[in-house]
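Subject: Handover of a structure for your review

Dear colleague,

Please find the structure below, together with its sequence. I would be grateful if you would read the notes that follow with the model open beside them.

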Amino acid sequence: MPVGEEVLDYATLRQDVVRAVARLCPRWMVDRRDDLVQAALMRVMQITEKRSASGERNQPLSTSYLYRVAYSVLVDEIRRLRRRRETDLEDEAVAPVAIARENPERTAASKEVGRGIQECLKGMKRERRLAVTLHLQGHTVTETARILDWAAKQTENLVYRGMADLRECLMAKGIRP
Amino acid sequence: MPDGEGDTPVTERRGSDERLAEAFRALGDTHGSEVPEDLRERIWLAVSGTLPPEERRELVERTATDPGCAEAWRVASELWRASQASAVGGTAVAAAGLVTRWAPRWLAAAAALLLVTTIGVVSLLNRPPADDFRASSGFVVESLVPADMPLPREAFRLRWTPGPAGSRYQVRVTTEDLKLLATAADLTAPEFAVDPAVLAGLSSGARVFWQVDVSLANGERRTSSTFITRLE
């Protein structure tokens, strides 16, 4: 397939990246969503142009390539924003702006639950742990079954039983799920 | 509904699940670790179903205890889903999707090899910019155009913090919908004036996005954040 607008659809990619960022970004990053999207897309463009200019003009750049690049770039950009935030938090002069939108009590409670989940997952039977992990990551039963290569009904049961285990474990730790 | 469900109402359980998922995802904010390139590649292959099932399971297991890895997994999942919806004609995507369920083992291996090759190329070209905020001896590329100050068309001069002596700059300027307005390379001064002619098609108040790549004298490279400047 030739390299061209019909293959590298940046407009669609942009919509998809906007949607992904909206779904993935934590609350504190809300103000930076536009920057994040734009930074990611500009880097995707740079990378694809570099590839086109690096003597691979005859190699097709497929949609999957574009999304794979966008994935890697977005991981980097989220990491960079997070690190910048950490730096800001260390800087007392900037900290009031950076943390203004966060509720410290809610953040602390969420961290406690998160740590509890990690500990409970470690103690869970492997199959349930895998199913629950993908459930917590936002995957549907169908997606979880596909990724783990299990039957859908088996997967559904493992998610259900695993989540029951998780709640019980958290309660035992004094954490109300 | 799975066998043996308890008495907890479904809606309550769903709300609880969402809270737990939110707390699990929030771990990435405080404990997010670096995700090396090779791990990132394997995550993409796992999410797309190209990696063998047991290797996929091993990676899922890792995401249970590694928040950075879990975050990369979520990003990969979102974009892989989107790529599936968008790539009606994308050959690589089609191959990845099909081998997951239907193709014989040798075809799956061939598709995996194709993807790994692609990803290898991506990795080489996609080396992330160095850590602008900690590892660059204090040098951070920042815009010197005040964020709240629109610039006139006839004097749309972008300026940024100068790098160490011998630095060269590359600038890229786009519209909000990524239409390329201007690029410039090998600049020796930390500024760039956009030709008013290329701004003619933009309405007053339009947002212009720009980014700077700095090549340092020692061969290192720094990429700025994306800056936004409005047109007066």
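Numbering and confidence

Residues are numbered from 1 along each chain as its sequence is written, and chains are lettered from A and ligands numbered from 1 in the order in which they are written. This is a predicted model, in which local features need pLDDT of at least 70 and side-chain atom pairs count only at pLDDT 80 or more, while totals for chains, interfaces and linings use all residues.

The model scores are ipTM 0.84 and pTM 0.65. Within chain B, confidence is highest in helix α3 (residues 53–65), at a mean of 95, and lowest in helix α5 (residues 91–101), at 33. Helices (H or I, at least four residues) and strands (E, at least two) are DSSP runs, numbered from the N terminus. Over residues 88–136 of chain B, pLDDT stays under 50, and the model has 74 contacts beyond four places in sequence for them. Where pLDDT is low, the predicted coordinates should not be read in detail.

The contact between the chains

Chain A brings 65 residues to the contact and chain B brings 66 residues; two residues are in contact if their C-beta atoms, placed from the backbone, lie within 7 Å. On the side of chain A that touches chain B, α3(A) gives the most, with 17 residues. By class, that side of chain A has 31 nonpolar, 15 polar and 19 charged residues. Here Ala, Val, Leu, Ile, Met, Phe, Trp, Tyr, Cys and Pro count as nonpolar, Asp, Glu, Lys and Arg as charged, and the others, Gly among them, as polar.

Helix α6 of chain A

Helix α6(A) is largely enclosed by the rest of the structure, because 9 of its 11 residues are buried. A residue is buried if 20 or more other C-beta atoms lie within 10 Å of its own, exposed if 12 or fewer, and partly exposed in between, with C-beta atoms placed from the backbone. Among the buried residues of α6(A) are A:Leu130, A:Val132 and A:Leu134. Just after α6(A), A:Gly138 takes a positive phi of about 100°.

The axes of α6(A) and α8(A) come within 8 Å and cross at roughly 90°. Axes are lines fitted to C-alpha atoms, for helices over the stretch in contact, and angles run from 0 to 180 degrees between N-to-C directions. The two helices, α6(A) and α8(A), are therefore roughly perpendicular (65 to 115 degrees; under 35 is roughly parallel, over 145 roughly antiparallel, and the rest oblique). Residues making this contact include A:Arg128 and A:His135 of α6(A) and A:Leu158 and A:Asp165 of α8(A). By class, the contact of α6(A) with α8(A) has 6 nonpolar, 3 polar and 5 charged residues.

Strands and local features

In chain B, strand β5 (residues 207–215) and β7(B) pair in the antiparallel sense over 4 bridges; strands pair if DSSP finds at least two bridges between them. B:Phe209 stands opposite B:Ile228 in β7(B).

A:Asp149 has a positive phi of about 65° although it is not a glycine, and its place is in the loop between α7 and α8 of chain A. A:Asp149 counts as partly exposed, with 15 C-beta neighbours inside 10 Å.

Yours sincerely

Conventions:
pLDDT is the predictor's confidence in each residue, from 0 to 100.
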